[in-house]
Amino acid sequence: MVYELAEFERARDECHLTPDQLTAALFGPSPAVFCHVAEDTGTPVGMALWFLTYSTWEGVHGIYLEDLYVRPSARGTGTGKALVAALAAVCVERGYQRLEWAVLDWNPARQFYGALGAAPKSEWVPYRLCGAPLAELAASSAALTS
């Protein structure tokens, strides 16, 4: 389903995940990524892939929903809401204070998230460091610490 999500987000060529990588991340000796899967008569129809965050202000963990995907055949059936509700329940059960995620500005799911009571965060701007700039910055760290 990760590949289906990448296709939906118009970025299939950017998705380099292998099944072995996902298996290791979810089921390795120290999993740091978790997944809820929704099924319909034994067939997966949706997934919520997530990991823990930590708030220094709150002093507790939270959940970052990395990927929420519901196959087109299951959209409008409550599957997406059930997956997000399951993560909300994990937060409440464990005393986590936040359930956060990012969504592409053109994604119609923004209306769905609003209907759940989620609000976009306008005061925080996401940044990403990857590729050559990441490697260059890492190299400068080695020079500073030696």
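Reader: How many aromatic pairs does the count come to?

Author: The model is a predicted one. Rings of Phe, Tyr and Trp pair if their centres lie within 6.5 Å. By this rule, the number of aromatic pairs is 5.

Reader: What kind of aromatic pair do Trp-101 and Tyr-113 form?

Author: The ring centres of Trp-101 and Tyr-113 are 4.9 Å apart, with 50° between the planes. Planes under 30 degrees apart count as stacked and those over 60 as edge-to-face, while the rest count as tilted. The pair of Trp-101 and Tyr-113 is therefore classed as tilted.

Reader: How many residues apart in sequence are the parts that this pair ties together?

Author: Trp-101 belongs to strand 4 (residues 99-101). Tyr-113 belongs to helix 4 (residues 109-115), so the pair ties together parts whose separation in sequence is 12 residues.

Reader: Is Tyr-113 buried or exposed?

Author: A residue is buried when its relative accessible area is under 20%. Trp-101, at 21%, is partly exposed. Tyr-113 has a relative accessibility of 9%, so Tyr-113 counts as buried.

Reader: Which residues do ring pairs link into a cluster with Tyr-113?

Author: Phe-112 and Tyr-113 form a tilted aromatic pair, 5.3 Å centre to centre and with 50° between the planes. Phe-112 counts as partly exposed, at 28% relative accessibility. Ring pairs link Tyr-113 into a cluster with Trp-101 and Phe-112.

Reader: Over the ring of which residue does the charged end of Arg-10 sit?

Author: A charge sits over a ring if, among other conditions, CZ of Arg is within 6 Å of the ring centre. The charged end of Arg-75 sits over the ring of Phe-8, 5.1 Å from its centre. For Arg-10, the distance to the ring centre is 3.8 Å, and the ring is that of Trp-106.

Reader: With which residues is Thr-79 in contact, leaving aside its neighbours within four places in sequence?

Author: Thr-79 lies in helix 3 (residues 79-94). At 11% relative accessibility, Thr-79 counts as buried. Beyond those neighbours, the contacts of Thr-79 are Ala-38, Val-45, Gly-46, Val-70 and Ala-74.

Reader: What pattern does the chain follow along the sequence?

Author: The chain has 5 helices and 4 strands. Of its 146 residues, 23% count as buried. Read along the sequence, the pattern is α-α-β-β-β-α-β-α-α.

Conventions. Residues are numbered from 1 along each chain as its sequence is written. This is a predicted model: local features need pLDDT of at least 70, side-chain atom pairs count only at pLDDT 80 or more; totals for chains, interfaces and linings use all residues. Side-chain values use heavy atoms; hydrogens and water are left out. Rings of Phe, Tyr and Trp (its six-membered ring) pair if their centres lie within 6.5 Å; planes under 30 degrees apart count as stacked, over 60 as edge-to-face and the rest as tilted. Helices (H or I, at least four residues) and strands (E, at least two) are DSSP runs, numbered from the N terminus. Buried means under 20% relative accessible area, exposed over 50%, partly exposed in between (1.4 Å probe, protein chains only). A charge sits over a ring if NZ of Lys or CZ of Arg is within 6 Å of the ring centre and within 35 degrees of the ring normal. Contact means heavy atoms within 4.5 Å.
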